[in-house]
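My notes are kept in the order in which I looked.

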Amino acid sequence: MKNTLIIILLFSFNSNAHNHQAQATYLGNEGIMIVEGGYKILFDPFFHNGYNNYQLVPDDIRHAIFNNKPPYDAIDAIFISHAHGDHFAADDMLKFLDTHPNTKLIAPNQAIMRLKVLKGSGKIMNQTTAIKLNYGDKEQTINFDGLHIEVVRIPHAGWPGRAQVENLVFRVTLNNTVTVMHMGDADPNESHFTPHKKHWKNKRTTTAFPPYWFFTSEDGQIILDEHLNVESSVGIHVPIKIPASLEMTGKKYFSKPSETINLVGSLKEN
Ligand SMILES: [Zn+2]
């Protein structure tokens, strides 16, 4: 109890100290909201399937996102890592984009194709950007007002199985201030990352959100520590029953929806 109080005090002190604090809020599984200087983005926010293992986005958060309830209002862009059932639901995406015409969607072509076949999707297609990258392709760059987006295709975990899954690693700089990396279900094998050496080197990432298996595999640790050029990492895709192997690493991870961290604050912790 005493510890909890101290943490709460530190947190509020921290957020008062900067009037412009970048934050990450956990939604569920690999769903995250990033807020910085009036810009707000979501990663993998809508999905229906937790496969009885992963955290779904709780109904109150889903409802708030769909109904513009702060802090989940005014979303500038949504990013999808890949079109699996624990990351993406085309029906929800269509519903959201249709009622939020100012929100953009950046997603692998496989996800965009799922949207396209839905009735009524014609009117939202101009809000979407389909990423068509093959394994080994050069990184792609997209610029929106206040958002600098770079994307690489890194295979889904289980390589060389599931090679056809278009899994994307996004690096997004918001407001020219803070840079986050969302890795989807990336495979923790150095050989996927070394060909993009220059890309990782040319920008420091404030906080990366790797799937937790990067913390529990040796290669994953090496990728985070030596390749990706990241200040700090927070694990996601953590099973509801927290694996003992993850706890043993002592690494920071998200497991409770609505938990919010200061991105610069988390820098200081590591
Ligand atoms: Zn997954």
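The entries below record what I looked up in this predicted model.

**Entry 1: the sheet.** I began with the order of the strands. Six strands make up an open sheet, and I read their order as β7-β8-β9-β10-β11-β12. The pairing in this sheet is mixed. I then asked which strands are the edge strands. They are β7 and β12, the latter spanning residues 230-233, and each of these two pairs on one side only. From one strand to the next, I noted an average twist of 20°. As background, I recorded that strands of a sheet pair through backbone hydrogen bonds, either parallel or antiparallel.

**Entry 2: the hairpin.** I turned next to β7 (residues 140-144) and β8 (residues 147-153), which pair in the antiparallel sense over five bridges. Together they form a hairpin, with two residues between the strands. In the turn I found Gly 146, whose phi is positive, at about 75°. Across the pair, Phe 144 stands opposite Leu 147 of β8.

**Entry 3: the next neighbour.** I followed β8 to β9 (residues 168-174) and found the two running antiparallel, joined by seven bridges.

**Entry 4: Val 178.** I located Val 178 in strand β10, which covers residues 178-182. Is Val 178 buried or exposed? A residue counts as buried if 20 or more other C-beta atoms lie within 10 Å of its own. Val 178 has 24 other C-beta atoms within 10 Å, and therefore it is buried. Leaving aside residues up to four places away in sequence, I listed its contacts as Ala 22, Glu 36, Thr 206 and Leu 263. I also compared Val 178 with Val 35: they are 143 residues apart in sequence, and their C-alpha atoms are 9.6 Å apart in space.

**Entry 5: the core.** The largest nonpolar core has 74 residues, of which Ile 32, Ile 41, Val 169 and Met 181 touch the most other members.

**Entry 6: helix α4.** Lastly I examined α4 (residues 109-116), whose buried residues are Ala 111, Ile 112, Arg 114 and Leu 115. Seen down the axis of α4, these fall within an arc of 155°, so they line one face of the helix. The buried residues of α4 pack against α3 (90-99), β5 (104-108) and β6 (128-131).

Key:
Residues numbered from 1 in each chain as written. Predicted model: local features only at pLDDT ≥ 70, side-chain atom pairs only at ≥ 80, totals over all residues. Pairing = 2+ DSSP bridges. Helix = DSSP H or I, 4+ residues; strand = E, 2+ residues; numbered from the N terminus. Axes fitted to C-alpha atoms, helices over the stretch in contact; angles between N-to-C directions. Buried ≥ 20, exposed ≤ 12 C-beta atoms within 10 Å, placed from the backbone. Contact = placed C-beta atoms within 7 Å. Core = buried A, V, L, I, M, F, W, Y, C linked by C-beta atoms within 7 Å. Arc of directions from axis to C-beta.
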